[in-house]
Amino acid sequence: MSEFKNQKSGSFYKKLKHFLLPIIILVAGGGSLVVLMAMKKEPEQSQKLLDQVAPLVLTQPVVSTDAGFTVTVDGTVVPSREVKLAAEVAGRVLLTRDGCKVGNLVRKATDQERAASGTENLLIQIDPENYELEVKRLTQEHAQAQDVIDELEVEIDNSKAMIDLAHEEVNLQKTHLNRVEKLRARNVVSDTEYEEAKRSELAARNALQKLTNEADLLRSKRQRMMHARDLVGVQLSRARLDLSRTRIYSPINGVIVEDSVEQDGYVKVGDPLVTIEDTSAVEVSIDLRMEELSLLWQHAAQAARGTRAAANPSNRHDLGYQLPQLPVKVSYELGGRKFVWDGELSRFDGIGLDEKTRTVPCRIIVSDPRPSAILVNGQPTSQIVGAPPLTRGMFVVIDIPLKGDVSLLQLPEMAIRPGNLVWVVRDGKLHSETVRVVDMSGDQLLVEQGASGLKPGDRVVVSPLSTADEGMLVSEGDTE
C-alpha cells in the first residue's frame, strides 16, 4: 500500500515539474525583454553618469614664443696663452729686471726699442762680450774678403788692357807674316826669314792666350772670393743675431708666473728663464651638455638660414666641429657686487665628450679682462674702484643669450610632472607627452618645439592628478 502511494506521489511531482518549467522560462524571457527595452534609454543616462564621475582637471593653453632664453653655465678662468722664454745663447746673466720675480708686471717692447737695444723694457741681459768680439772678427773677415775682391777687380781690368795690346801685337805679326809670304812667293826673302816671321806670329798668339787664361782665372777667383765673402756675411748675421739674443724682452704684456733665473747665474742654450701669462686677453673654460650644445647649433643654423654660408655643403659639415661665435656675458660676484665682462664663444677645447662628466669642453674668449659693468643690487654703478680683472682660477657664471632664432613653447610650471611628463587633454581624454625643458628661470617654462608631439594650442593639465592613465576621460576646466 505504501509502495503504491510513493509511486503516485513521484508521478505527481514529475507532472508538476513539466508544467512549471515552461512557465519559469516564459517569465525569465519576459523579464529579459523588459530589461532590454529599458536599456534603450540608458546611454543618455550613462553619459550623464560618466560626466558626473570623470575627474575635473584645470588646463591652460600652450603658447608658441620666439622671445628666446639664456643658457647659464659655470666656468673657470684660464690664461689665453702662456709664453715660456728660454735662453737662446749661453752666458752669464748680467741683469734681470726687478729680479724677474713671480708676480712682476712686464710690458711688450716695441720693434724700435729692440732695434735700438733699448733698456726701458729690457727683461734679462746676458753677457754680450764674447758675441761682440765675434761680430768684430767676422766684420774684419768680411772686409778682408771684400778687399781681395777689389784687388781682383783691378787685376781683371789690367788684364783686359794687356789682352787688348796682345790683340794688336797678333794683328801686326799676322800682317808681317802675310807680307813675308808674298815676298817668299816671288823669291824675295829666304826661308829663314819666313820661319822667323812665322815664329813671331806664334809667339804673339801664345802671349794673347796666356793673358786670356789669366783673365779667366782671375774672374773665377773673384767668384770664389765673392762666395767666401757671402759666407762670412752669413756668419756675421748669425753673430749679430746671437748678440741681439743676449737682450731678452717680453713678447707680450703680462705677468711673470714662473721664474728660473737669477742675476749673476750662468745659463746654457735652452735653459728656461721665465714664464709669462698674457694679460691682454683671458679665456674661460666651460662644459656644455649635449642638449645645450644642440640648442647652440640650432640657433646658429637658423641664424645662417638663407645665407651663402648655409648653402655651402662644406660649411654644413664643419658646423658640428665649430662653436657659433655668439656673444656671452661673464659675471663674478664679490662682496655683494656683481662684475660683468663681455665675451664670445670661441672654440671647442679639443674634440669629443669628457668621459667622466659626459659634457663637451669649450672655451670663451674675453678680449678685455677689465669688467665692462659693475652691478650693485642689480643696478649699474661706476663709483666702485679697485674692480678685479679676470684672473686664472676664478669661478664665474656665463650667460649665453639665444634670442629670437629658437622656436619654443611656453608652459606653466605646474604642467610639468616628474620625468618631464605633460598631460594634454584632447577630445576629453588624457594623453601624455614627454617634453624637453630648456629654461626654468621664469614663472613659465620653455620647452623645445619638435622634441615631442606637443604643439601650440594644446591644453595642458595644471591641476594635481591623484591617478592618471592614457586615454582616461576627464572633465576640463579653464584656470583663466
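What follows is a short tour of a predicted model, going from a helix to a sheet and then to a hairpin.

**Stop 1: the helix.** Select residues 129–185, which make up helix H4. How far apart are the end C-alpha atoms of H4? They sit 83 Å from each other, and since 57 residues at 1.5 Å a residue should span 84 Å, the two values agree. Now pick out Glu151, which lies in H4. Helix geometry is handy to keep in mind here: with 3.6 residues a turn, residues three or four places apart point the same way. Before leaving, click on Asn187, which comes after H4 and has a positive phi near 60 degrees.

**Stop 2: the open sheet.** Next, colour four strands in the order S8-S7-S5-S10; they form an open sheet with antiparallel pairing. Its edges are S8 (247–249) and S10 (266–267), each of which pairs on one side only. Zoom in on S5 (residues 91–96) and S7 (residues 122–126), an antiparallel pair with three bridges. Show Val93 and look across to S7: Ile126 is opposite.

Stop 3: Select S14 (residues 337–348) and S16 (residues 373–376), antiparallel strands joined by four bridges. Lys338 faces Leu375 of S16 here. Then bring in S17 (residues 379–380), which pairs antiparallel with S16 over two bridges. Which residue in S17 is the bridge partner of Val376? That's Gln379. Finish at the turn: two residues separate S16 and S17 in this hairpin, and Asn377 takes a positive phi near 55 degrees.

Technical notes: Residues numbered from 1 in each chain as written. Predicted model: local features only at pLDDT ≥ 70, side-chain atom pairs only at ≥ 80, totals over all residues. Heavy atoms only, no water. Pairing = 2+ DSSP bridges. Expected span 1.5 Å × (residues − 1).
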